[in-house]
Amino acid sequence: AEVPDRAVTRPSVSSAYRLACIGTSLRAILEMAGARFTALAVSGLLICGSLNTITMKVAFSMKGTNLDGHQEVFQKPWFITFIMFVAMSSSLLFDKSMWRRKNGLQESLIDASPDAGNYARSVTWAYKVRMVSIPAVFDILATGLCSMGFLYIPASVWQLLRGAEMVFAALFAVIFLQRELFLYHWLGVGLCTCGIILVGMASVWGSGAQADGGSGGGGDVHLLLLGMGLALGGQVVQAAQVIAEEWLLTEVDLPGLQIVGFEGVWGGLIMMAFVWPLLFWLPGTDHGHLEDEREAFSMVQSNAALTTMIALYTFSCATYNMAGIAVTGALSAVHRVMLEAFRTSIVWIFGLSVHYFVDPNSPFGEAWTPYSWIEVCGFMVLMLGQAVYGEMIRLPCCTYPVGAMQPSNMASPGALRNLASPLPPARKQEANPETWASPLPSRAANP
């Protein structure tokens, strides 16, 4: 009678094997689902990142009816900046922790910090939300300047000039954060600078060649230089934003969706309260104002195609931010550089296709000039510089430090914009030559 009891209470070997197989299958399914989700998010980054640039350029070339009843081109860079913040604020709708009710509000308002005293009271959730307003101010100025510059330069050039943020961030890190740049850092910065110069020269010479040849699409060289200057000025401000985040936001450990969302909320509120009145008060070419947002709303309402383009831009911005948060930590430096290269290529191919297959006089099309090969070389040099700077390519003539400090858990707006912080990482024992690693295993690491 004992044998059947033992047979019932003890699982057979075949049952245990089946349970193990089921567990292995479930793990494989979960890993496959995670890989597919990452691939989907990366595709969203690539597609929506390209759409951000394309839809903005197309919107700037469309027309709408102003308050006087006349048709005019929709050149409203600060309105587009406001729309970007509206898109960012939509991230809050998808953050579950914002709507989860748990222990009243104590768990969401008070940080579980081990420290006591005044510091514990200073890291409330509300304090962290207020601190996010700091990068919002930088982002308003940076995006506004870049959008103003976008009015005068081709989309591909504008996209390539975004690589200048890394150059300025590295220089600011040395000046303000006292970070040390190694030889390979300086080589990467030098290559990026050369690439940006080549892109600018090719754009200026190509525009002059189009104007002289009468092929259409050539613009005023002075406006082109102004546009590139404004775009580079925006990259300077974005680099300053990264430095400010490193200084001021070390204790803001909000989730990525909340950081992006509340930066959008702060940016929108600051623009409506301060920036819009200032733009209306400053003299300019927009009916006597630097920019009149009443005219912008009237033009958007009067043109269904323009409204659709603004809605598509809003959707692409929101999706790009959320996809970037979803893959935070899953992408290496190689992936980030490849994504940026593909994004630039898509924008450039789109402009060329519009010019040669749709309308050669289209304002958002780009022609291939005798100097476009210089722009291609500048693009390749820029990508090479980013690869050298990020240690993706290790040069035999350089030594590389080991023991890098682990990055903080804070997902800062600047880091989310670049999918990683453009600052050189802080190092442990930077002054000790024994912690330096040579790229060649057989060579001794010498300072």
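Modeller: Of the protein's 447 residues, 45% count as buried, meaning under 20% relative accessible area, where exposed is over 50% and partly exposed lies in between (1.4 Å probe, protein chains only). This is a predicted model, so local features need pLDDT of at least 70 and side-chain atom pairs count only at pLDDT 80 or more, while totals for chains, interfaces and linings use all residues. Residues are numbered from 1 along each chain as its sequence is written, and side-chain values use heavy atoms, with hydrogens and water left out.

The overall fold comes before the close-up. The protein has 18 helices and four strands. Both are DSSP runs numbered from the N terminus: helices are H or I with at least four residues, strands E with at least two. Of the contacts (heavy atoms within 4.5 Å) with a separation of 6 or more, 79% join residues 24 or more positions apart.

Now the close look, at helix 14 and helix 15. Helix 14 covers residues 293–302 and helix 15 covers residues 304–326. They pack at an angle of about 110 degrees, and their axes are 5 Å apart. Axes here are lines fitted to C-alpha atoms, for helices over the stretch in contact, and angles run from 0 to 180 degrees between N-to-C directions. Helix 14 is therefore roughly perpendicular to helix 15. That label covers 65 to 115 degrees; under 35 is roughly parallel, over 145 roughly antiparallel, and the rest oblique.

Which residues meet? Met299, Val300, Gln301 and Ser302 of helix 14 meet Ala304, Leu306, Thr307 and Ile310 of helix 15. By class, this contact of helix 14 with helix 15 has five nonpolar, three polar and no charged residues. Nonpolar here means Ala, Val, Leu, Ile, Met, Phe, Trp, Tyr, Cys and Pro; charged means Asp, Glu, Lys and Arg; the others, Gly among them, are polar.

Next, the packing around this pair. Leu306 and Ile310 belong to the largest nonpolar core, which holds 63 residues. Such a core is a set of buried Ala, Val, Leu, Ile, Met, Phe, Trp, Tyr and Cys residues joined through side-chain atoms within 4.5 Å. With Phe74 and Met271, Leu306 and Ile310 touch the most other members. Helix 3 (residues 77–89) supplies the largest share of this core, nine residues. Leaving out residues up to four places away in sequence, leucine 306 touches Ala59, Met62, Lys63, Phe74, Met299 and Val300. A second, separate core has nine residues, including Val129, Met131, Val132 and Leu249. In soluble globular proteins, nonpolar side chains tend to be buried together.

Phenylalanine 79 sits in helix 3. Phenylalanine 79 is buried because its relative accessible area is 3%. Neighbours within four places in sequence aside, phenylalanine 79 is in contact with Phe74, Glu291, Glu293, Ala296, Phe297 and Val300.

Histidine 287 counts as partly exposed, because its relative accessibility is 35%. Residues up to four places away in sequence not counted, histidine 287 touches Asn66, Asp68, Glu72 and Glu295. The side chain of histidine 287 makes a polar contact with the side chain of glutamate 72, at 2.9 Å. A polar contact is a pair of N or O atoms within 3.5 Å; within protein, one must be able to donate a hydrogen and the other to accept it, and residues adjacent in sequence count only if both atoms are side-chain atoms.
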